[in-house]
Amino acid sequence: MSKDILSARADFPILKQTINGLPLVYLDNAATTHKPQSVIDAISCYYSTMNANIHRGNHTLAVQATQAYEDVRKKVGTFINAPSSSQVIFTRGTTESINLVAYSFGRAFVKPGDEIIVSQLEHHSNYVPWLLMCQRQGAVFRVLPFDENSELDLQALEKLLNKKTRLVAVNHVSNTLGTVNPVEEIIRVAHAAKVPVLVDGAQAIQHLAHDVQALDADFYAFSGHKMYAPMGVGVLYGKKEWLEQLPPFQSGGEMIDEVTPDSVTFNVLPYKFEAGTPNVADVIGLGAAIDYLNQFNSTELQSFEDELLEYGLGLLRAIPGLTVYGNPRQRSAILPFNIEGIQHYDLGTLLDTKGIAVRTGQHCTQPIMDALHIAGTVRASLAIYNSRDDLDAMAKGIDRVVRLIRRQT
Amino acid sequence: MKATIKEIEQNLIDDFALLENWEEKYEYLIEMGQDMPAMEPALKTDDRLVQGCQSSVWFDIHCEEGNLVFSADSDSLIVKGMVAVLNAIFNGQPAEAVLQSDMSLFDTLGLWRHVSSQRGSGLTAMIGHLKQSAAECLGEQQEEQ
């Protein structure tokens, strides 16, 4: 029997507080989600009872901490259905996971004149690392555009792919528009051209099914803090044949096998990519977040969030002068909009006076803003603990802000 | 004679003290922005944009006999309100006084913590821009003397 989704809200202590004297309505989940008590307790418990540096120690605490850390690696492997937990690399977050691949893959496989394809829907963290890598390696940076419905153009992908293409980087879900990209199809098309694909799963891991083998992704990156785990921990999954061929990203302790006065050999996977003392406490927090999510039925959770999204989109579309951006066939958890004549920053700031937390601006996606010819948007984004009440409060708040501003101008 | 920076700041502090909550404060700020003298549309060029703001903010600043004189605007009503506060206090003031001002007013109004911490508001960038112009104005004046 899975846990009732409606009971989730009570598990998040931060949601009990008031902002400006009003109950917190938190709709900034695409930026970061809150943490359930069980995750907070797991971190506190680690520091209270187990804290030790892992792997090389032989005292009791070091052994326990190592065991707990490696147990989470297995848990993550099962969570994303990785063939082996040695293909799960802990990083600081999605950004570091992508930078790791951009650096190491670039060094190993990208020569002057080669090409990389990145979608126009990317967050800067899956755009800039590739742009910089292309500059370093003298490679050509190609952008796969999105269409008027905010969907990627797969025919354009087929045309862009050629013998010089070395990798395609694409997000599973757009952090700005919520578009669910057809990553399975993108991967199939790219693989037909013998090109590997990196998927940025930062906005998907907490909402959609996550099976890296079914996807056949070569690399899949995500962050803990957007899936109810702490900040400062993320994951890079990679196919073994790729990870084994890539040179290390950072160097130092833990990642070495043998060091002589003038040479070094590297440790096996996954340690080759985990230089230095890792963020053990937050990895353990990530394990607790996975345990938390595993209590729910993932299909039910997705339908719950999809229904909430549709409800929110309906409320927004009924507001005069409001534009919702994008019209993808499948959208996940993100409501991007603007109201005619009202600057997004003003709307966000005034909603905050009513305890309503949304995000405003470019959302680290300037290429999307340029393509849509806008300066920014308001973005509301959903999580497991949101309700129709939250969306009603936002719609009511928007109405109030619109009246206040119309009175003044 | 124009009131001093301190005097104008005190008047603003007194005005804001009458406002009971954040919504009222922002409403008042928006009103101040709407009442501010309009900036010539032709002056809203990219080279007059202040960098570091989520909204567009334009400042056209001149140095007139050692005084800082400017017109400014923003596409955000709230930011325009903050511009209006800066306008009320600093426009026409001696560059030296602008440089010496500790800008503590924004702390007192409670606006600093609320607004300046948000990168989007660009208040820090605007103040930096004003101070830099004041420093240049002072430099020019000293060269003339």
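Predicted model: local features only at pLDDT ≥ 70, side-chain atom pairs only at ≥ 80, totals over all residues.
Good morning. In this model, 15 residues of chain B are in contact with 14 residues of chain A.

On its side that touches chain A, the elements giving two or more residues are α2 (22–35) and α3 (77–90) of chain B. The largest share, seven residues, is supplied by α2(B). Sorted by class, this side of chain B has six nonpolar, five polar and four charged residues.

I turn now to chain A and its sheet. Seven strands of chain A form an open sheet with mixed pairing, in the order β4-β10-β9-β8-β7-β5-β6. At the edges stand β4 (88–91) and β6 (140–144) of chain A, each of which pairs on one side only. On average, neighbouring strands of this sheet are turned by 20° against each other, direction ignored. Within the sheet, β7 (residues 165–171) and β8 (residues 197–200) of chain A pair in the parallel sense, over four bridges. There, N171(A) is found opposite D200(A) in β8(A).

Finally, I come to a pair of helices in chain A. Helix α10 (residues 298–317) and helix α13 (residues 388–408) of chain A pack at an angle of about 15°, and their axes are 10 Å apart. Because angles under 35 degrees count as roughly parallel, α10(A) is described as roughly parallel to α13(A). Their crossing is right-handed. From α10(A), the contact is made by L308(A), Y311(A), G312(A) and L315(A), and from α13(A) by R388(A), L391(A) and A395(A). By class, this contact of α10(A) with α13(A) has five nonpolar residues, one polar and one charged. Thank you.

Terms used: Residues numbered from 1 in each chain as written. Chains lettered and ligands numbered in written order. Pairing = 2+ DSSP bridges. Axes fitted to C-alpha atoms, helices over the stretch in contact; angles between N-to-C directions. Contact = placed C-beta atoms within 7 Å. Nonpolar A, V, L, I, M, F, W, Y, C, P; charged D, E, K, R; others polar. Parallel < 35°, antiparallel > 145°, perpendicular 65-115°, else oblique. Left-handed = near helix turned anticlockwise from the far one by under 90°.
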